[in-house]
Amino acid sequence: MPDGEASGAVLRVRGSDGRWQGTSGVADVRTGRPVPQNGRFRIGSMTKTFTATAALQLVARGKLHLDRTVQSYVPGVLPAEYPPVTIRQLLDYTSGLPGIDIDHKDPAWFLAHRFDTWTPRRLLDLAFTGRPMEFAPGTAQHNGNISYLVLGVVMEKVTGRPYGDAIRTASSARCT
């Protein structure tokens, strides 16, 4: 690091034996400024792992029910013409919800938008406005971000707290 794929990296490891963190490369390729140890970065699909863990902890506490629908928790978050979608279908990628129509895998697009902030409402509008379901819920599987974005909105509703709080609570809980 750096190489042709990335200019810098931040690594943090925490566990019962202690903590370690380190950086490599540069945060700014023009100035050569090093990557700060407290740097912020997008974690991409890793977010789904944290979201699923937090959601399943809410299920274990009886605050969230796998076979209850999104529409029963947050009426109006999905378009009225969409069929019922369960929490289980969000978690296992069988919701049928259409994906977000942005080319975030293209390096040029990502570079141009790396400092943009996307609100959940804006992303939901991009996904759902004028777009039909990909398939009937429960009939197929498609890995995508939108189901977990909707799950985050549901989690905020059932906890009365920001989504990030549920993730922090889940990440600090000890497994027994």
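Accessible area here comes from the Shrake-Rupley method with a 1.4 Å probe. On that basis, the protein in this predicted model exposes about 11400 Å², with carbon and sulfur atoms supplying 54% of it. Turning from the surface to the interior, buried residues account for 31% of the 176 residues.

Let's walk along the chain next. There are seven helices and two strands, and their order in the sequence is β-β-α-α-α-α-α-α-α. As for how the chain meets itself, take the contacts between residues at least 6 apart in sequence: 58% of them join residues at least 24 apart.

A pair of aromatic rings is described by the distance of the centres and the angle of the planes. This structure holds three such pairs. One of them brings Y82 and F128 together edge-to-face, with 5.6 Å centre to centre and 80 degrees between the planes. Y82 belongs to the loop between α2 (70-73) and α3 (87-91), while F128 is in helix α5 (residues 120-128), so this pair links distant parts of the chain, 46 residues apart. Both Y82 and F128 are buried.

Because Y93 lies in the loop between α3 and α4 (107-113) and Y148 in helix α6 (residues 146-159), the pair ties together parts that are 55 residues apart in sequence. Y93 and Y148 are both buried.

Finally, have a look at Y73, where a charge meets a ring: the charged end of R68 sits over the ring of Y73, 3.9 Å from its centre.

Definitions and conventions
Residues numbered from 1 in each chain as written. Predicted model: local features only at pLDDT ≥ 70, side-chain atom pairs only at ≥ 80, totals over all residues. Heavy atoms only, no water. Phe/Tyr/Trp six-rings, centres within 6.5 Å; stacked < 30°, edge-to-face > 60°. Helix = DSSP H or I, 4+ residues; strand = E, 2+ residues; numbered from the N terminus. Buried < 20%, exposed > 50% of the residue type's maximum accessible area, 1.4 Å probe, protein only. Lys NZ or Arg CZ within 6 Å of the ring centre and 35° of its normal. Contact = heavy atoms within 4.5 Å.
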